[in-house]
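Reader: I'd like to go through the wording used for this one. Can you take me through it?

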Amino acid sequence: MTSNLKKATETLSDGPEWTFDLLEQYQEEIRRVAEYYRLDTYPNQIEIITSEQMLDAYSSVGMPINYHHWSFGKKFIESEQNYKRGYMGLAYEIVINSDPCISYLMEENTITMQALVIAHACYGHNSFFKNNYLFKTWTDASSIIDYLLFARSYIEECERKYGVEEVEEILDSCHALMNLGVDRYKRPQKISMFEEQKRQKEREEYLQSQVNQLWRTIPQKEQETKKKKIKFPAEPQENILYFFEKHAPLLAPWQRELLRIVRKVSQYFYPQKQTQVMNEGWASYWHYTILNHLFDEGLVTERFILEFLHSHTAVVYQPPYNHPGYSGINPYALGFAMFKDIRRICENPDEEDKRWFPEIAGKDWLDTLHYAMENFKDESFISQYLSPKVIREFKLFNLQDYEQNPMLEITSIHNEQGYQDIRQKLASQYNLSMLEPNIQITNVDVNGDRSLTLEYVPHNNIPLGETVPEMMRHIYRLWGFDVRLMEKRENGRCVELAKCPPEKKEADD
Amino acid sequence: MAHFIDRRLNGKNKSAVNRQRFLRRYKSQIKKAVADSISKRSVTDTESSENISIPSRDIKEPIFHQGKGGDRDRVLPGNDQFSPGDKIKRPQGGGQGSGSGEASDSGEGQDDFNFSISMDEYLNLLFDDLELPNLQKTDAKKEVEWETFRSGYKAEGIPTNIDIVRSLRGAQARRIALTAAKKRKLKELEEELDSLNKDKDADKALKTEILHQIEDLQYRIKKVPFIDTFDLRYRNYDKRPIPSSNAVMFCLMDVSGSMDQATKEMAKRFYILLYQFLNRSYENIEVVFIRHHTQAKEVDEQEFFYSQETGGTIVSSALHLMDEIVSSRYPASQWNIYAAQASDGDNWADDSPKCGKLLREKILNYTRYYSYIEITNRSHQTLWHEYESIDSEYENFAMKNIKQASDIYPIFREFFKKQVSSKS
């Protein structure tokens with residue numbers, strides 16, 4: 001790379017105070033280097049905000065605009081308290097997957113931190129948002145802000161028409177089911193949010209007519225009633241919010257729209273949940289590479305690069321399992337180490353790497369890195385690229401915790417026999433379908449009491465948490481008729497876990 | 001392709017609505033916390049915000065999540081001692097580790113949810129559903145206050161009151177009205193001139209004639225002034241009287257030797273509540289402190305609460321003094337009079353009937369509300385019995401016995417709860 005370095009005659013000021021002019025200069029240099037590494041981004045919109053505004057942004061899940069809900073207020077109060085008491089520092093930045101890509105920079109950052117953040121968010125995350133396949137399939141960056149604007153004014157209108165409490169009830173229930181409002185396997189279609197608004201009215205009427213069709217009580221022609229004996233839904237439904245939006249018998253059109261809004265927002269965040277390690281790793285890798293590149297060019301001072309490295313090492317630090325500060329695997333650390341390692345495998349592969357990664361050892365590192373970023377999510381990324389070297393670096397080991405065993409067992413460690421196992425176990429740790437309970441709608445008694453049956457299929461015999469009764473009430477609120485939750489045991493038998501409303505249990509059975 | 005936006009001057013209270021939603025939703029829990037806090041709150045602290053904590057189990061947002069148990073594998077970093085096959089004891093506390101790290105935020109055993117609310121929010125919650133008894137507007141003869149308010153526009157006024165938008169709008173309308181016809185004519189003439197220009201063998205004289213006319217019209221259009229004094233509009237202001245409601249609050253307290261500091265502190269809390277409460281209903285509120293042992297004296301707040309006295313107790317002296325002050329300074333026709341008396345119940349036995357007489361004949365006739373709190377754990381004495389008989393006769397008299405600090409707030413609420421008419 002050294003041959004490509006342009007030697008700077010003058011260094012950029014290292015502050016520590018920043019000015020807009022200086023930010024502009026740094027931004028320009030970073031952009032140039034990012035382009036050199038072929039980072040393809042949305043246009044950047046960089047906003048400077050104060051810490052108080054940062055707290056605001058925190059509470060609305062980072063979105064610049066969102067509908068009103070008490071839970072955001074709670075989040076705000078929480079972060080405010082934690083921040084004021086010094087339990088928590090604020091993030092240096094927040095970046096939004098939108099086009100143009102909006103990043104928030106905190107006013108109190110030094111120029112070094114601002115440069116770090118610009119490289120990290122405006123070029124790292126930004127290029128990830130634009131090119132990773134999950135984001136490309138699931139989100140539409142150009143319309144999210146429009147959509148949230150639509151959602152907010154729609155919900156405000158509902159509040160005026162039907163009262164804050166009515167709206168809040170539905171939103172509470174929707175939020176509770178938010179994680180079950182995503183199609184995991186089906187690819188969603190993209191809709192421009194302006195169209196959304198136009199279509200909303202039409203949909204309202206159409207939807208209602210469909211629902212009425214389903215719940216028609218006046219007898220139709222004979223053949224048709226027979227047809228309806230067919231099991232409904234024909235296949236188990238994993239997207240509960242979607243199912244309710246389309247088929248819940250008692251919801252008013254505006255309530256269906258609220259379900260839809262929460263579902264859409266949930267879908268928008270779905271890729272982020274699945275690409276934490278990659279996304280943070282990618283962004284960290286690039287802030288590290290870009291700023292070092294600037295240093296190699298002689299554009300930034302030593303003071304700058306030392307301050308940067310100080311922050312960088314703090315961000316990518318992985319505390320060991322028995323450290324008081326340990327709270328799971330640090331996605332920044334793992335992702336950064338892996339991307340760095342991929343480059344190493346490409347540039348300087350040793351025997352081991354050639355054995356483990358014959359397809360990338362010795363290949364062009366930049367191509368390989370881009371390919372890895374574009375085509376994987378955390379789970380597949382780890383199972384594809386976690387190398388023995390990184391496993392050794394992190395000293396990973398697997399702890400087996402089986403309910404029927406009285407003791408916990410270490411099944412594999414960072415040695416030759418353990419690499420494969422650890423790689424596979426760690427990858428599945430990032431598999432959302434193993435982290436989130438698998439609950440699907442299996443049956444609706446269309447001709448009878450309209451009751452709804454959900455089925456929980458435990459993964460590795462892990463039972464549901466203690467929120468079941470509360471959750472049942474939320475589901476019941478949306479469905480409007482009896483709701484039953486079954487658990488499918490290993491032997492194939494179904495056991496009833498809960499029922500809402502519970503008091504009718506005996507009479508019904 | 002990047003641009004910077006300085007958002008630092010934008011509003012920072014984007015979350016205010018959500019915060020209010022949160023307070024509204026958990027009003028009942030917060031109110032309970034507020035009620036608890038009044039008994040702990042330092043008496044001198046009436047300005048600062050209040051820390052509230054409500055149990056976090058009440059405010060959680062449930063989701064379906066995996067519970068304890070089942071078979072799990074966890075990959076952890078930083079192996080420093082383990083080899084494959086090592087077995088270790090399950091960490092105590094329910095048989096297993098916290099499962100996947102993410103699930104712990106819905107786990108049990110969390111601390112209370114703590115946050116602070118502002119003084120205003122605090123008082124709102126504190127006095128929610130409370131109402132002043134016998135709230136009548138007393139004649140505001142003494143000082144009539146005026147408030148200035150906007151009322152439309154007028155054609156004359158002083159320059160500072162010129163409404164620019166209005167004036168320019170009028171000017172524009174006038175200009176349009178005065179020039180529209182001329183402009184139409186001008187356009188026609190210009191079109192005609194155009195066609196004449198194209199026509200090679202057009203009449204030269206006609207052309208000059210039209211040119212003249214155009215010039216004349218342009219001149220006249222130009223003559224219409226951009227703005228005329230006639231266009232000017234001034235904002236108009238009017239005055240109206242505002243009803244002012246004045247209140248005076250009498251704090252009567254026994255400071256004889258039998259009242260110790262703790263008892264006085266309790267009384268003080270009651271006065272603070274009453275003061276804050278009245279403060280929300282009346283714009284102008286004065287407080288008169290009267291302390292007494294065998295003699296009564298009007299004092300300032302500091303002396304009222306903190307100076308030490310000894311000696312016996314004659315309650316009627318304070319009532320006498322109050323009556324005097326009212327008749328000399330606070331005529332009942334102009335002031336809403338409230339009185340709160342605190343005592344430990346001690347009184348010279350033969351003074352109690354005198355107190356009763358004073359109250360019946362004078363004070364209760366002009367006070368909106370007279371509350372008596374007796375701060376004692378002992379059995380009641382003559383004063384209490386005397387007052388009990390008054391309590392049954394008068395609507396605007398109330399009495400309660402306070403045993404400990406935490407009684408104060410509930411009793412205060414009972415005094416001022418909304419349906420004041422239902423008195424036993």
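**Confidence and a helix crossing**

Author: A contact here means two residues whose C-beta atoms, placed from the backbone, lie within 7 Å. This is a predicted model, where local features need pLDDT of at least 70, side-chain atom pairs count only at pLDDT 80 or more, and totals for chains, interfaces and linings use all residues. Residues are numbered from 1 along each chain as its sequence is written, with chains lettered from A and ligands numbered from 1 in the order in which they are written.

Reader: What does chain B average in pLDDT?

Author: Chain B averages 79, and 84% of the residues score at least 70. Helix 4 (residues 164-198) of chain B has the highest mean among the elements of that chain, 90, and helix 2 (residues 27-40) of chain B the lowest, 72.

Reader: Why are helix 7 of chain A and helix 11 of chain A called oblique to each other?

Author: Their axes come within 10 Å and cross at roughly 40 degrees. Angles under 35 degrees count as roughly parallel, over 145 as roughly antiparallel, 65 to 115 as roughly perpendicular and the rest as oblique. Helix 7 of chain A and helix 11 of chain A are therefore oblique.

Reader: Which residues of helix 7 of chain A make the contact?

Author: A:V167, A:I170, A:L171, A:C174 and A:H175 do, against A:Q255, A:L258, A:L259 and A:V262 of helix 11 of chain A.

Note on methods: Axes are lines fitted to C-alpha atoms, for helices over the stretch in contact, and angles run from 0 to 180 degrees between N-to-C directions. Helices (H or I, at least four residues) and strands (E, at least two) are DSSP runs, numbered from the N terminus. pLDDT is the predictor's confidence in each residue, from 0 to 100.
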